[in-house]
Amino acid sequence: RVRRGLGLPPAPEPAPGLRYAAELKIDGLAVSLTYERGRLVQGATRGDGTTGEDVTPNLRTIEAIPDRLTEPVTADVRGEVFMPKSEFARINAEREELGLPLYANPRNSGAGSLRQKDPAVTASRLLSAWFYQLLEEPPAVDRQSAALDRLARLGLPVNSDREPGLDIEGVMAFTERWREARHDLPYETDGVVVKVDRFDHQQRLGMVSRAPRWAIAYKFPPEQVETVVEDIVPYVGRTGTLTPVAHLRPVKVAGSTVARATLHNLDEVRRKDIRVGDTVVLQKAGDVIPEVVRSLADRRTGGEQAFEMPAACPVCGTSIVRDEGTVRHYCPNPSCPARVGQEFAHFAGRGGMDIEGAGWKVLVQLIQRGMLKRRGDFYRLTIQDLESLDRFARKSAENLYEAIQRSRRRPLGRVLNALGIPQVGETTAIDLARWATVNVPPGDDWLRRVSAFLREIATAASERFEEVEGVGPTVTGSLARFFSDPATADVLEDLADAGVEPEAPALAAATGEGPLTGKTVVVTGTLPGFSRQEAEEAVRAAGGKPAASVSRKTDYVVAGEGAGSKLAKAQELGIPVLDEDGFRRLLAGKGSEGG
């Protein structure tokens, strides 16, 4: 078609000057950014190609998108915002544990994240972007491949998995190579976009309606395989939720061998009519999460068995509960061994109290020996208790004991997140802590007073939980149950009895104002007075945004001992660099002198 439009001889005759640029097709949300004199002034979704949705504040939260280009140019750039596979898997794992509906794929998740009303929600999703089109007047380049190189020089992220200067055989080879290799990428791609490289050729070929004659998208067929469901086993999670998991005859799909796939809940099993013994079609949702697509009913022999949720917990024997209007079956027994072990692991984990050395094998021993029955029991352990554990010498016991003592002073948001309240994730826990701080000013016996406040709200005025940012009726109900249930209501009081004294969010964080409001801070290297998480929480408490990488959007870099490439990049970009003393002064609102 291209040869015909350009008046060139048909294949296989030579076509002098005709070359194609091949790029991977990113399965994301198309966006258009406007830069004036090098500064980002507007960002919008592409919409119908003419009218889109202004999402500028949300786009500014994406680390990959620069606020300022390397040159003071005025231009429109177009590209795709996407959710990396790892972030999609993390969010879905968290939602499944909380009993929430799972997101279908990274594309929809990324699109929904970008369209959030609150940019802070977008920022929490760790989106990224690739750009592929540059519109400048007058044009600075004459080919698509050169435009991609210029986008990169301007500081915009451009996918390196591209190839210029191809003939049609080269395009076909590129497509075949990525048909399998795409499974190893950290982002989702659903095909290849092929463009005539020269812009003068593109202009001669023109458009049909809104579709260019000089470009085409080839979509990869989804990779699906067949396998057999050998069993369906319900697993009990941290919140007591029973999740049916298909045990499959091992099969390779999208680059790895799969032997299990979650079926999410009983309603989903019935909707897809999945039975033990069925031959099923399997794929990876977003090329990440194994998903049973459908059963092949015509392969049934009559020996297949329908799955039913057990009436009693498979671990502790407690009667299973299903709340009206929900898809969730759960074990209500807070002492269920399956729940207890995972609850303690969550409590001691990175997002909670961050007790270094309290791994699964250690927790199992402590639980089995009766040393851990409640969360406060962590803080009642002695060095002698820990030394009695298998494979624990005196030094190991002392190290774990010291790690437990250090965790007594975690921020209140971390303490609340560590409790594993159903429907309450890290962001909601931080918001709940800020709200509680406004209502219960810090002071003597603060954690006990916060506990009493939350219990009173739960039992007498639970609708007040909706004063917390982002909390609606579902989370309100979960908070009310947790802080009114005799089995869990006094967990904070127990921690207070055990000597836990959480740090209060700074008033600036509770009111949305502080010395770092609107500022992005990167912490790198080792700081004697802060762990990495503590430093980032201090930034957040002061109203700022902690970031993992240095870019032109970074306002400060805090560099400790062993700071490497991030420090070098900050110096290259002229970003203020602070030592620990300078960081403390900044947090206190006393200036930003570098170290």
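I take buried to mean under 20% relative accessible area. The model I am looking at is predicted.

Entry 1, Lys272. I looked up the accessibility of Lys272 and found a relative accessible area of 14%, so I note Lys272 as buried. I then looked for its charged partner. The side chain of Lys272 meets that of Glu268 in a salt bridge, at 3.5 Å from N to O. Both residues sit in helix α9, 4 residues apart, a separation of about one helical turn.

I checked Arg271 for accessibility: the relative area is 60%, and Arg271 is exposed.

I looked up Arg249 and found its side chain in a salt bridge with that of Glu230, at 3.6 Å from N to O. Arg249 belongs to strand β12 (residues 242-253) and Glu230 to strand β11 (residues 225-236), so this pair ties together parts that lie 19 residues apart in sequence. I list Arg249 as partly exposed, at 45% relative accessibility. Glu230 is also partly exposed, at 46%.

I ran the search over the whole structure and got 38 salt bridges. I also recorded a network of salt bridges that links Arg374, Asp377, Arg380, Asp490 and Asp494.

Notes:
Residues numbered from 1 in each chain as written. Predicted model: local features only at pLDDT ≥ 70, side-chain atom pairs only at ≥ 80, totals over all residues. Heavy atoms only, no water. Salt bridge = Lys/Arg side-chain N within 4 Å of Asp/Glu carboxyl O. Helix = DSSP H or I, 4+ residues; strand = E, 2+ residues; numbered from the N terminus. Buried < 20%, exposed > 50% of the residue type's maximum accessible area, 1.4 Å probe, protein only.
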